[in-house]
Amino acid sequence: MPESYVPKEAIGHGDGGPAALAIGEAESLERRPGAAPPGGGPGGEPLGKPRSLWSDAWHDLYRNPVFVVSALVIVFLVIIAIWPQLIATGNPYRADLAKAQQGSQPGHPFGFDTQGRDVYTRVVYGARASITVGVCATTGAALLGSLLGGLAGFFGGWWDTSLSRLADIFFGIPVILGGLVFLSVVTSTTVWPVVGFIVLLGWPQISRIARGSVVTAKQNDYVQAARALGAGNGRMLLRHIAPNAVAPVIVVATIALGTYIALEATLSYLGAGLKPPTVSWGIDISTASTYIRSAPHMLLWPAGALSITVLAFIMLGDAVRDALDPKLR
């Protein structure tokens with residue numbers, strides 16, 4: 001038997017002479033201090049399946065107090081937007097001029113507006129319009145922007161150039177001025193014209209984010225391997241590129257949702273957004289701004305509800321960004 005021969009069993013148990021010592025030394029140098037031995041967790045337990053990006057992000061999110069607080073606020077807002085009668089039994093349109101501009105009273109904690117309508121009831125019902133506009137506009141802008149930006153980043157060429165120039169045109173339109181011009185000719189009292197306008201001006205930002213993510217993802221080795229194995233463009237986009245490029249889009253869309261709610265309130269305040277009889281925080285703020293000295297409660301409560309809603313969505317977006325950004329790990 002050659003002198004350098006070491007039995008396999010001896011190497012496996014760490015007592016096989018110089019070869020086994022070299023293997024053990026290499027493993028100990030590669031292992032970080034305090035890390036578990038290869039193939040096992042602390043104490044030798046077998047390690048489970050590695051977490052994916054999404055499971056790892058969720059693991060960080062539910063431990064983040066900012067995410068928990070903002071998520072609870074958003075869930076509460078969504079519930080009262082769907083079922084406002086759960087916490088407000090009154091009618092937001094019922095007016096009693098004898099109580100106009102009066103302050104807090106039993107059963108009416110937020111007081112009354114200029115027409116004697118209950119401010120508390122209108123604040124609760126106003127969440128429906130704001131949440132509807134924010135969610136629908138964000139969904140539409142995210143879908144349209146992701147589709148156009150993803151295709152531009154994947155195929156490149158004239159499609160990418162044309163989309164970039166088209167996005168530049170929309171970036172050059174002032175949002176407030178464009179809303180005043182576009183919505184001034186609309187007579188509908190529903191939320192859909194406002195949603196359509198926000199989608200029209202909101203998709204270029206998301207399309208650029210989606211394009212950059214797709215360009216980065218398609219250069220990875222697993223995409224090149226899938227192409228070498230004969231995978232078609234549709235399969236590579238849906239199975240390999242989209243799942244790994246969607247995280248930045250989700251982060252931007254989550255933050256943009258709060259911005260879109262503030263934009264709807266601004267346009268409604270200027271008289272170009274939602275119109276009566278729709279109950280909206282922006283409309284109530286516009287009405288109350290004239291009476292800010294004589295009846296400040298009319299402005300305080302809808303403005304506070306709007307601020308809390310926008311802040312909750314922005315905080316949620318920041319928490320999601322921190323969880324999905326690998327540079328912050």
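Predicted model: local features only at pLDDT ≥ 70, side-chain atom pairs only at ≥ 80, totals over all residues.
**Stop 1: Thr121**

Select Thr121, which sits in helix H5, the run from residue 119 to 155. Is Thr121 buried or exposed? Its relative accessibility is 3%, and because anything under 20% counts as buried, Thr121 is buried.

**Stop 2: where H5 meets H6**

Stay with H5 and bring in helix H6, residues 157-171. The two helices pack at an angle of about 140°, and their axes are 7 Å apart. That angle makes H5 oblique to H6. The crossing is left-handed.

Which residues of H5 meet H6? Select Leu148, Gly149, Leu151, Ala152 and Phe155 on the H5 side, then Gly157, Trp159, Asp160 and Leu163 on the H6 side. Colour this contact by class and you'll get six nonpolar, two polar and one charged residues.

**Stop 3: helix H11**

Jump to H11, residues 281-288. Six of its eight residues are buried, so the rest of the structure largely encloses this helix. To see the buried ones, pick Trp281, Gly282, Ile283, Asp284, Ile285 and Ala288. What covers them? Among the covering elements are H5 again, helix H10 (233-269) and helix H12 (297-324).

Finally, click Ser280, which caps the N-terminal end of H11. One of its side-chain oxygens lies 3.2 Å from the backbone nitrogen of Gly282.

Methods: Residues numbered from 1 in each chain as written. Heavy atoms only, no water. Helix = DSSP H or I, 4+ residues; strand = E, 2+ residues; numbered from the N terminus. Buried < 20%, exposed > 50% of the residue type's maximum accessible area, 1.4 Å probe, protein only. Axes fitted to C-alpha atoms, helices over the stretch in contact; angles between N-to-C directions. Parallel < 35°, antiparallel > 145°, perpendicular 65-115°, else oblique. Left-handed = near helix turned anticlockwise from the far one by under 90°. Contact = heavy atoms within 4.5 Å. Nonpolar A, V, L, I, M, F, W, Y, C, P; charged D, E, K, R; others polar. Polar contact = N/O pair within 3.5 Å; in protein donor to acceptor, adjacent residues only side chain to side chain.
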